[in-house]
Amino acid sequence: MARYEIIGGAPLSGEVTVSGAKNAAVAILPATILVSGLCRIENVPNISDVRILLDILRGMGARVEYETENTVLIDCSMVSSTCPDGEKVKKMRASYYLMGALLGRHGKAHVALPGGCNFASRPIDQHIKGFWALGADVEETSEYVDLKPGENGLQGNTISLDVVSVGATVNIMLAAVLIPGQTIIENAAKEPHIVDLANFLNTMGAKISGAGTDTVKIRGVDSLNGGTYAIIPDQIEAGTYMAAAVATGGNVLVKNVIPRHMKSISIKLQEMGARILEYDDCIRVIAGGKLRSTTVKTRPYPGFPTDMQAQICVCMAMAGGVSRLTESVYETRFFGYISELESMGADIVVSGKTAIVTGKPKLYGATVTAKDLRAGAALIIAGLSAEGTTYVKDIHYVERGYENIIQKLTALGATIRRIED
Ligand code: UD1
């Protein structure tokens, strides 16, 4: 067990470089199963979710080598197993992308149900609906999903998602790339990592159009060849450092970002009084005195991301006036961190899908527990902004998604250290 000790109160100042996007990496790494040849993937974040996925691929017979800390060589040509290690699969959420990738490449898969952050009920009915529509026979139990070709084999089809789901959009794209015919995903998710996955697959020879719109079209090809691809910067990691700059009253240059991806976050931080200066691939965030209250509703991209709900809540907890924060993607997400923020002095009342946050002049250090990845990030921001010392426990959640967070925050002037208990 390890925890972070944070001595709060110092405004963050300086520069931070954002790593490759976790949610793109966890889709692109399983996608290498579809490729006959060597993939050289750059800007891969060194986080525990990535290490687990690489371990799973290795266990299935892939050749995986690190060229540098953030460049990985993967050759899945020799992978013949369609049954990844169940214990490892259960350690993270995005391991369910192995289902689509294995179905697409080998026509079958036997994959344990995933684990990861359980901040809400996270059904996969839309993924399964997609696999059925592509002609798979699906057996789903409380332990695993088993996929094999149905009577008429696998064939492209049109699938209209009942909810906008990132995971289902990715899984159907993976399953469809190598099967005959055209697949159309309607009501698809539009997140930057959907576009990044499509760009990766197209670089390797796939025929995918429309990624980033609500209709994605995939024309099946016979094979994908190896190549080099660089993962996009992480929108949520960037947003987390932006929120930390604002909450601590700091001035931070956030480097290696795509400012277009940050719009919904930048707008809200501006409404709260921050100055946001956009450049080609970086954003400067300057906290502007006393924060103002605001209203935020989370939505699928290009809306305000649910993965930034907890971090903006910390800013609201110290703003003047009453803010309203409405969650429309994962209703129960508030329960991952609100009681912890209350123990630091925040005043938050949850009413249905909305948290009503009455700003307080200060938060105070406390011992708090991270219950999921983004909740953990929010508690770190709260600790950095609070008076006194904060201990954040269960930081393995944070380490699933933030590369070198201690080093990055320390370089910004934070007093934070990891304590191994
Ligand atoms: C992805 C992100 C996660 C983010 C979430 C929403 C990855 C690896 N994870 O998660 O960080 O918080 O998007 O932006 O990219 N739903 C169903 N049935 C399904 C699938 C989803 O009802 O089969 C519902 C979910 O309960 C949720 C909504 O659809 O209410 C969106 O979920 P989805 O976009 O699928 O989230 P994930 O892909 O799990």
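**Entry: helix packing**

I began with helix 8 (residues 235-247) and helix 12 (residues 373-385), which pack with their axes 9 Å apart and at an angle of about 25°. That angle makes helix 8 roughly parallel to helix 12, because angles under 35 degrees count as roughly parallel. I noted the model as a predicted one. The crossing of helix 8 past helix 12 is right-handed. I then listed the residues that make the contact. Helix 8 gives Ile-236, Thr-240, Ala-243, Ala-244 and Ala-247. Helix 12 gives Arg-374, Ala-377, Ile-381 and Ser-385.

**Entry: strand 3 and its partners**

Next I looked up strand 3 (residues 35-42). I found that strand 3 runs parallel to strand 13 (residues 224-230), with 6 bridges joining them. Strand 3 also pairs with strand 5 (residues 71-75); here the strands run antiparallel and 4 bridges join them. I picked Ile-41 to follow both pairings. In strand 13, I found Tyr-229 as the bridge partner of Ile-41. In strand 5, I found Val-72 opposite Ile-41.

**Entry: aromatic pairs**

How many aromatic pairs does the structure hold? I counted 2.

I then turned to Phe-200 and Tyr-229. Their ring centres are 5.8 Å apart and their planes stand at 80°, so I logged this pair as edge-to-face. The cut-off for that label is over 60 degrees. This pair links distant parts of the chain. Phe-200 sits in helix 7 (residues 192-203), Tyr-229 sits in strand 13, and the two are 29 residues apart.

Are Phe-200 and Tyr-229 buried or exposed? Phe-200 has a relative accessible area of 0%, so I wrote it down as buried. Tyr-229 has a relative accessible area of 10%, so Tyr-229 is buried too. The limit I used for buried is under 20%. My note on Tyr-229 now reads: bridge partner of Ile-41, ring partner of Phe-200, buried.

**Entry: Gly-59**

Last, I checked Gly-59, which is found in helix 2 (residues 48-59). Gly-59 counts as exposed because its relative accessibility is 67%, and exposed means over 50%. Which distance separates Gly-59 from Pro-84 in space? I read 7.4 Å, C-alpha to C-alpha. In sequence, Gly-59 and Pro-84 are 25 residues apart.

How values were computed. Residues are numbered from 1 along each chain as its sequence is written. This is a predicted model: local features need pLDDT of at least 70, side-chain atom pairs count only at pLDDT 80 or more; totals for chains, interfaces and linings use all residues. Side-chain values use heavy atoms; hydrogens and water are left out. Two strands pair if DSSP finds at least two bridges between them. Rings of Phe, Tyr and Trp (its six-membered ring) pair if their centres lie within 6.5 Å; planes under 30 degrees apart count as stacked, over 60 as edge-to-face and the rest as tilted. Buried means under 20% relative accessible area, exposed over 50%, partly exposed in between (1.4 Å probe, protein chains only). Axes are lines fitted to C-alpha atoms, for helices over the stretch in contact, and angles run from 0 to 180 degrees between N-to-C directions. Angles under 35 degrees count as roughly parallel, over 145 as roughly antiparallel, 65 to 115 as roughly perpendicular and the rest as oblique. A crossing is left-handed if the near helix is turned anticlockwise from the far one by less than a right angle, and right-handed if clockwise. Contact means heavy atoms within 4.5 Å.
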